[in-house]
Amino acid sequence: MNGLSMYEAARYPRRSRRNDWSSEELRRLRELAASGTPVETIAADLRRTASAIRNKAGMQGISLRSPR
């Protein structure tokens with residue numbers, strides 16, 4: 001519990017740093033994924049973590065595998 005008592009933890013709820021995705025970012029993710037761009041490059045382009053890219057792609061049904 002990060003050194004906090006149960007009482008203190010209840011007073012200080014964990015805050016999420018969630019950053020919602022814009023429709024433009026989703027469009028760009030689809031575009032980059034379709035062209036076979038590596039996840040790390042997509043992450044740098046969208047200024048998000050590779051994990052965030054993989055999670056959002058999975059939730060949206062976007063394949064990150066390179067086209068053959």
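Mentor: Helices (H or I, at least four residues) and strands (E, at least two) are DSSP runs, numbered from the N terminus. Here the protein has 4 helices and 0 strands, in the order α-α-α-α along the sequence. This is a predicted model, in which local features need pLDDT of at least 70, side-chain atom pairs count only at pLDDT 80 or more, and totals for chains, interfaces and linings use all residues. Residues are numbered from 1 along each chain as its sequence is written, and side-chain values use heavy atoms, with hydrogens and water left out.

Trainee: At what angle do helix 3 and helix 4 cross?

Mentor: Axes are lines fitted to C-alpha atoms, for helices over the stretch in contact, and angles run from 0 to 180 degrees between N-to-C directions. The axes of helix 3 and helix 4 cross at roughly 100° and come within 8 Å. Angles of 65 to 115 degrees count as roughly perpendicular, so this pair is roughly perpendicular. Contact means heavy atoms within 4.5 Å. Helix 3 contributes Val 39, Glu 40, Ile 42, Ala 43 and Leu 46, and helix 4 contributes Ala 50, Ile 53 and Arg 54.

Trainee: How far apart are the axes of helix 2 and helix 4?

Mentor: The axes of helix 2 (residues 23–34) and helix 4 (residues 50–60) are 11 Å apart, at an angle of about 90°. Leu 26, Leu 29 and Arg 30 of helix 2 meet Ile 53, Lys 56, Ala 57 and Gln 60 of helix 4.

Trainee: Is Leu 46 buried or exposed?

Mentor: Buried means under 20% relative accessible area, with a 1.4 Å probe and protein chains only. Leu 46, in helix 3 (residues 39–46), has a relative accessible area of 10% and is therefore buried. Not counting residues up to four places away in sequence, Leu 46 touches Trp 21, Glu 25, Arg 28, Leu 29 and Ile 53. The C-alpha atoms of Leu 46 and Arg 28 are separated by 8.1 Å, with the two residues 18 apart along the chain. Of the 68 residues of the protein, 24% count as buried.

Trainee: Which residues line the largest pocket?

Mentor: Rolling a probe the size of a water molecule over the atoms shows where empty space is left. On a 1 Å grid over the protein atoms alone, probed at 1.4 Å, a pocket is an open set of points with protein on both sides within 12 Å along at least five of seven lines; lining residues have an atom within 4 Å of a point. The lining of the largest pocket includes Arg 17, Arg 18, Trp 21, Arg 47, Arg 48 and Lys 56.

Notes: Buried means under 20% relative accessible area, exposed over 50%, partly exposed in between (1.4 Å probe, protein chains only). Angles under 35 degrees count as roughly parallel, over 145 as roughly antiparallel, 65 to 115 as roughly perpendicular and the rest as oblique.
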